[in-house]
Amino acid sequence: MTAWQVVRPGPVETRPLERVTVPRPDPAAGELLVAVRSCGVCRTDLHVAEGDLPVHRPRVIPGHEVVGEVVAVGPDAEGFSTGDRVGIAWLRHTCGECDYCTRGRENLCPRSRYTGWDADGGYAEFATVPAAFAHRLPRGYTDTELAPLLCAGIIGYRALARTDLPAGGRLGIYGFGGSAHLTAQVALAQGARVHVMTRGERARELALALGVASAQGSADMPPEPLDAAILFAPVGDLVLPALAALDRGGVLAIAGIHLSDIPSLNYQKHLFQEREIRSVTANTRADARDFLAFVADHRVQVTTPEYGLGRADQALADLSAGRIAGAAVLLP
């Protein structure tokens with residue numbers, strides 16, 4: 001099968017990905033073999049390719065927003081049959097036994113493993129997934145629209161929950177890529193007033209088209225104090241203006257798996273009056289189920305620039321350069 005592997009982690013300009021032909025994988029016990037119909041291009045893929053996240057598996061195939069069809073079922077795999085449409089997301093394995101797992105916080109499991117980092121992912125024609133971590137998908141969306149929901153959507157949904165945004169509250173979103181453009185729609189559906197701060201003109205245009213109250217530059221102050229904010233851009237410098245924009249008691253959630261260094265904070269300006277910073281670490285399967293149920297009931301618009309699988313390296317380069325509005329998707 002055709003696939004892309006991370007062979008030389010480094011800046012995207014150095015072409016860290018290599019297109020290869022490799023054997024089709026076989027599903028192990030408890031796994032499904034999935035024919036990939038679409039795969040989202042996530043910023044985490046870029047972090048793996050560029051080495052911000054050290055590769056856990058040499059020559060790993062990235063991609064963890066996979067929509068496909070089950071074509072084979074491994075021994076002891078339950079819940080799915082050949083022909084089913086399924087989703088493969090970032091979280092691939094947890095131990096089920098540690099304190100975090102037993103308390104419903106499996107996203108913090110020390111033995112967790114991830115698609116496209118610890119195991120091969122969806123920048124390929126076929127991929128495997130443990131049946132226990134495969135997702136049933138809502139009707140009414142195309143394969144292309146569904147792919148970004150499986151990480152960009154789920155992580156944004158968890159990040160929004162981490163902010164404790166009050167009903168009818170004022171939410172700031174910093175960076176407006178794949179995850180942010182979905183999270184904004186969830187917040188709007190829940191009655192929030194949303195302000196977007198982002199560098200790209202096309203991204204600001206998309207935000208306004210989706211119904212946000214305002215859109216301005218990435219470090220600009222919003223037109224009103226915020227009850228909560230989410231930082232999607234992996235830029236530590238933006239933590240300061242985001243905190244400064246919070247009203248008393250406001251919460252900033254940092255949604256990325258990687259963030260550049262945060263400059264020194266001024267306690268009075270950025271943290272006093274019970275402002276908080278909260279990180280977001282992966283997600284639980286319950287998060288995924290809740291989010292997919294939400295978008296089944298509340299139709300979201302998924303903006304999906306499409307790339308053929310053979311152009312995966314170009315998709316990552318465009319993502320790195322800020323040339324993508326919405327969430328790019330690879331198609332076989």
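Trainee: Does Arg 170 count as buried or exposed?

Mentor: Keep in mind that this is a predicted model. The cut-off for buried is under 20% relative accessible area. Arg 170 has 16% relative accessibility, so Arg 170 counts as buried.

Trainee: Which residue forms a salt bridge with Arg 170?

Mentor: Side chains of opposite charge can pair when their charged atoms come close. Here the closest N and O atoms are 2.8 Å apart. The pair links distant parts of the chain, with Arg 170 in strand E10 and its partner in strand E13, 57 residues apart. The partner is Asp 227.

Trainee: What is the strand order in the open sheet?

Mentor: The open sheet has 6 strands, with parallel pairing. Strands E12 (214–216) and E15 (276–279) each have a single partner strand, so they stand at the edges. The order is E12-E11-E10-E13-E14-E15.

Trainee: What does the twist average from one strand to the next?

Mentor: The value is an average over steps from one strand to the next. It belongs to the open sheet of 6 strands. The twist averages 20°.

Trainee: In E15, which residue is the bridge partner of Ile 254?

Mentor: Look at strand E14, residues 246–254. E14 and E15 run parallel, and 4 bridges join them. The partner of Ile 254 in E15 is Ser 279.

Trainee: Helix H3 packs on the sheet; what angle does its direction make with that of E14?

Mentor: Helix H3 covers residues 143–162. H3 touches strands E10 (170–174) and E13 (226–231), as well as E14 and E15. Its direction makes an angle with that of E14 of about 150°.

Trainee: Which helix packs on the sheet by touching E11 and E12?

Mentor: Strand E11 spans residues 193–197. The helix that touches E11 and E12 has a direction at about 175° to that of E12. Its residues are 201–210, and it is helix H5.

Trainee: Arg 158 and Asp 287 meet in a salt bridge; how many residues apart are they?

Mentor: Their side chains come to 2.6 Å, N to O. Both residues are buried. Arg 158 lies in helix H3 and Asp 287 in helix H8, which puts the two 129 residues apart.

Trainee: How many salt bridges does the structure hold?

Mentor: Some are linked in a network, including those of Arg 8, Glu 18 and Arg 59. The pair of Arg 285 and Glu 106 is another example. The structure holds 16.

Trainee: What accessible area does the nonpolar patch of Ile 262, Leu 265 and Ile 277 have together?

Mentor: Ile 277 is found in strand E15. At 35% relative accessibility, Ile 277 counts as partly exposed. Together, the three residues have about 220 Å².

Technical notes: Residues numbered from 1 in each chain as written. Predicted model: local features only at pLDDT ≥ 70, side-chain atom pairs only at ≥ 80, totals over all residues. Heavy atoms only, no water. Pairing = 2+ DSSP bridges. Axes fitted to C-alpha atoms, helices over the stretch in contact; angles between N-to-C directions. Contact = heavy atoms within 4.5 Å. Salt bridge = Lys/Arg side-chain N within 4 Å of Asp/Glu carboxyl O. Buried < 20%, exposed > 50% of the residue type's maximum accessible area, 1.4 Å probe, protein only. Patch = residues over 30% accessible without salt bridge, like charges linked within 9 Å, V, L, I, M, F, W, Y side chains within 5 Å. Areas by Shrake-Rupley, 256 points an atom, 1.4 Å probe, with all protein chains shown as cover.
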